[in-house]
Amino acid sequence: MFKNRKFGFYAVTLCVTGLLYTFICAGLESGQTQIIRAVITPAGGGWTAEKIQLPMTVGSFLAVPLAFLCCTGFLRAGIRQTLIPCAAAAALGCVGLVCANGLDIYGGAASGQYGLFFAALLTMECACVMVRMALALLCLQWFCRFRGRALGAVAMGAPLFSAVGAAALAHFVQTTLQGDYRPLYVAVAAALGLLALSTRFLLRDRPEEAGLYPDGDGYAPAGEPAEPEPPMTLSRILRDRRTWQLLLAMGALAAAAAGWFGFLEDRLLTKGGGGPTLLGRASPWLALGAILGIPASYVFGWLCDRLSVSWTSVLLGLAEMGAVYLLWHFPKEVALWTEGVPLSLSVGLLMGGVPTVVPCAVGHVFGRQQAISACRAVFPGLLLLAALTGPAGTLLGGGARARLYAVLFCLAALGALASLFLRPPRKTPPEK
């Protein structure tokens, strides 16, 4: 890959830019809740935790139709031309959060505008989902033999942010910034603007636009037709058996992982008798798991390239089953080898595996030329299944009821089993 210097430049630029995007998006999706709750508290006159969480919940469902529109934009305008407005929307959300105020040090909710606050968080949640979709599809266009490793390198940004820790940023805001997070979000908006410029001038949608071929080879990938295939229509995608196989396998794995992370804190609080003691003792192991997620992203990508996506998905499913079983039977203490280390491994494997394996499976099943077309049905379906885990888990009893973990365990097992039936597209025979 790096024998071709021109391709190496574009590959490194894509991976570095993608890693920075995923790092920031992880902060705007999962990390910012902890930061906001540190400086906007009911005791300080601010909005309640439910009001802070509401735009995130709404955003997870609104992202489903937006994903379809975004993938349509990828087909019509190009991936980069759609990615740039998405990054701009995330930056606009940061600016809206700054203008909404509501901080404790300025009087809490009385000094803020909840409508603007809600719209800003909703915009950031949806925009970050679209950015991650675009990055995945860029990797699928530029790589075939190395697609897993490229996706793994880009996906490292999320566990990297978790390793840095939202708690550390919350402490920085409370101490250095004296409870005013607005300079931090202004800086994030500026960083997104720089990344949008990098996307515009340093990246390309496909290697052919730069006179190159995928993986830095001097020839087209084996099995690809000489002329680009026309995009599959939506009706054809929905009639394609591979679409539903992919949604069954990857949807089950994504839903199981989303449910595991979504109810992890509740489970530890429940097992600890409703207090934060057990969660506090488990926190170092959770932080270690985030650190392990950084190499796990690349390892899962390497396995996808060398072992095949199907068998790597089976390994991911087995890891999810082990992680769910651990929470299902989690004790009231955190021992080193029986709970601490398994908890770290669970966090690392799920955090590093799912964002890498799921988009890699799309490229594996539909191929490079039809991946964008297929994502109009696949990505919205996966997002919907992941979003439903929250309400469904609550109906099943949340972190306090064992039946939730029985369902998550079955989902992980179903995803592992269904992954065995994922097959790549038939290769076009070479012309004689």
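**Group meeting talk: rings, core and helix packing**

Let me start with Thr 243, which has its place in helix H10, residues 241–262. Helices here are DSSP runs of H or I with at least four residues, numbered from the N terminus. Two notes on the source. This is a predicted model, where local features need pLDDT of at least 70, side-chain atom pairs count only at pLDDT 80 or more, and totals for chains, interfaces and linings use all residues. Residues are numbered from 1 along each chain as its sequence is written, and side-chain values use heavy atoms, with hydrogens and water left out.

Back to Thr 243. Is Thr 243 buried or exposed? Its relative accessible area is 0%, so Thr 243 is buried. Buried means under 20% relative accessible area, exposed means over 50%, and partly exposed is in between, with a 1.4 Å probe and protein chains only. Not counting residues up to four places away in sequence, Thr 243 touches Ile 237, Phe 366, Ala 377 and Val 378. Contact means heavy atoms within 4.5 Å.

Next, the core. The largest nonpolar core has 122 residues. Such a core is a set of buried Ala, Val, Leu, Ile, Met, Phe, Trp, Tyr and Cys residues, joined through side-chain atoms within 4.5 Å. Which residues have the most contacts inside it? They are Leu 28, Phe 117, Tyr 181 and Met 250. Helix H14, residues 336–395, gives the most to this core, with 20 residues. Take Met 250. Leaving aside neighbours within four places in sequence, Met 250 is in contact with Ser 313, Val 357, Val 358, Ala 361, Leu 382, Ser 419 and Leu 422.

Leu 28 also turns up beside Leu 192. Leu 192 lies in helix H8, residues 182–202. With a relative accessible area of 2%, Leu 192 is buried. Beyond neighbours within four places in sequence, Leu 192 contacts Tyr 21, Ile 24, Leu 28, Ala 87, Ala 90, Ala 91 and Cys 94.

Now the rings. How many aromatic pairs does a search of the whole structure find? Twelve. Rings of Phe, Tyr and Trp (its six-membered ring) pair if their centres lie within 6.5 Å; planes under 30 degrees apart are stacked, over 60 edge-to-face, and the rest tilted. Phe 7 and Trp 142 have ring centres 5.5 Å apart and planes at 45°, so this pair is tilted. The pair links distant parts of the chain, with Phe 7 in helix H1, residues 5–39, and Trp 142 in helix H4, residues 114–142, 135 residues apart. Both Phe 7 and Trp 142 are buried.

Trp 47 and Phe 117 make another tilted pair, because their centres are 4.7 Å apart and their planes are at 35°. Trp 47 lies in the loop between H1 and helix H2 (49–77), and Phe 117 in helix H4, so the pair ties together parts 70 residues apart in sequence. Trp 47 counts as buried at 6% relative accessibility. Phe 117 counts as buried at 0%.

Ring pairs also link Phe 7, Phe 9, Tyr 10, Trp 142 and Phe 143 into a cluster.

Last, helix packing. Helix H12, residues 277–306, and helix H13, residues 309–328, pack at about 140°, with axes 7 Å apart. Axes are lines fitted to C-alpha atoms, for helices over the stretch in contact, and angles run from 0 to 180 degrees between N-to-C directions. H12 and H13 are therefore oblique to each other. Under 35 degrees is roughly parallel, over 145 roughly antiparallel, 65 to 115 roughly perpendicular, and the rest oblique. Phe 300, Leu 303 and Cys 304 in H12 meet Val 309, Thr 312, Leu 315 and Leu 316 in H13.

Definitions and conventions:
Helix = DSSP H or I, 4+ residues; strand = E, 2+ residues; numbered from the N terminus.
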